[in-house]
Amino acid sequence: MAFSALKKVGSLKKSLKRRRTRDESLRKTLRTVKGVEIDLSLFRDQIEAADEEEKVPSFRESVTIRLSWRGVDQQEYTRAATIDRLLDRVLTSQEFKEGPSLDAFFLTYQIYVEGVHLLQLFMQRFDEGVHTEQTELQVRILKVLQFWLDTHNEDFRGIDSRDLVDKMFIFIKTRQKDPQLDERVKNQLLLIGKLLTHVENLEEPDCKGEDEENLLVDADTTTTEREKQIQKRTEDHSLKPWEVLLDPVLSPMEIAGQLTQFEVNMFRKIEPMELLGVAWSREGKEINSPNVRRLIEHFNRTSRWVAGIILEADMPEYREKMLQKFVDIASCCKELNNYNAVFEILAGINSVAVHRLKLLQTLPKQSALEYKKLHSFIKSEGNYATYRSSVSERAQQGVGCVPFLGVSFGDLRGIEMTMNDFEETSSGKMLINFKKQVRVAEIIRDLLGSFSPDFKIECLRPLRLFIHEELNKTKHTDDQLWSLSCKIKPSSIA
């Protein structure tokens, strides 16, 4: 069959029927995804729209495709289709001559068809064009393949892509020898061959992120005077970690900068396919979403590190000063547009183990005001309206950021819970729910598009190494943090 999911069609028919609109308990359920609370009422418009579709059909249906329409011109859009009809739309419809729909197709196709099989379907249509002298169809097919290579070259990199790359090379070489081909088609084949060679030679990103030595060693190995000052503190083994961080020699902005560089190098490794089908939280997540998982683990480790450093300070005044410094560091991270770090630092400050000590009440007026601004920035009210507005504003200004994955996780999980990968027609045929895939692609595109790797941050090697070692040796669990907190203030008087 065209896609492997149809092997389970019997069970799918039963489980998919009315699931996204009929389950009232689902609509009211609150779910937590990596520290992000998701209220399904946020998806009320989406659910109500689905209910309306059941009352009044807003689509035109045949056996193999459902089309909906929108806009002033009432242009038709693909709502659901078989893989064959979907490919027909990709090659002939105005809808897919626009970037977003075609991008959504290539970003999400792996949910329902393997790359090798998809290429075979394109090849079949190309050969049909040869027999029927449809030069324009062949040119269109090759332009679509070029778009695939240009915008989603990760599908053609690495060991797992070897079969796909080999089959495309064979396709190009054999068709170039066909004397019946139009010159335009031959030129397009030549262009795709060069592009594929270029993509094949691209360095495959290390799923573990940038090599630690490369990250910790700058190209210029000369030690600056500023680095010598920092090194005296970070390599003084008589000092505890919280004492090093409290030293006024280490400015909040410098600490925020080194932390940001770590996160930039982790985020830039994330591939779109790691975010499909909430793969980061399902079986095989370490294989299917290695870079997403790495950033999640970094987030949790950093949050616990922040809480642990505050709790390990051995005097109340030092705990208060350490809290104040982390508020300043979080503020600097926000200034650097590292929004992920703002969320993770405040997650540590607001952890139960730290919060119960009521240290926030001891903050100086200016720091308390700054904390209030940061808390307002990350609050979940209005579906994280303040955070979303800031990301959107930066994007409009052409300024990138390190976004917080958790908010997008909530969006993707919400779609996964309210929409199905397949729709069943009145005749019982299962169609790919392309409407869902477009929405998923929009969220992933917005998330990855808001990120920018171009952060101009000075590498302070001793400080970067210190933070790296601190984060790597952090083994605190929530229970251990609670025990530290109870040593300071027994739970009986909390």
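Analyst: Buried means under 20% relative accessible area, exposed over 50%, and partly exposed in between (1.4 Å probe, protein chains only). This is a predicted model, where local features need pLDDT of at least 70, side-chain atom pairs count only at pLDDT 80 or more, and totals for chains, interfaces and linings use all residues. Residues are numbered from 1 along each chain as its sequence is written, and side-chain values use heavy atoms, with hydrogens and water left out.

User: How many residues of helix H18 are buried?

Analyst: Helices are DSSP runs (H or I, at least four residues), numbered from the N terminus. In H18 (residues 339-349), 10 of the 11 residues are buried, among them Tyr-339, Phe-343 and Glu-344.

User: What is a salt bridge?

Analyst: A side-chain nitrogen of Lys or Arg lies within 4 Å of a carboxyl oxygen of Asp or Glu. The whole structure has 26 salt bridges. One of them joins Asp-84 and Arg-125 at 3.6 Å, N to O. Asp-84 belongs to helix H5 (residues 83-92) and Arg-125 to helix H7 (residues 115-131), 41 residues apart. Asp-84 is partly exposed at 37% relative accessible area, whereas Arg-125 is buried at 10%.

User: Which salt bridge does Lys-228 form?

Analyst: An α-helix has 3.6 residues a turn, so residues three or four places apart point the same way. Lys-228 pairs with Glu-225, the closest N and O atoms being 3.5 Å apart. The two are separated by about one helical turn because they are three residues apart in helix H12 (residues 225-234). Lys-228 is partly exposed at 39%, and Glu-225 is exposed at 58%.
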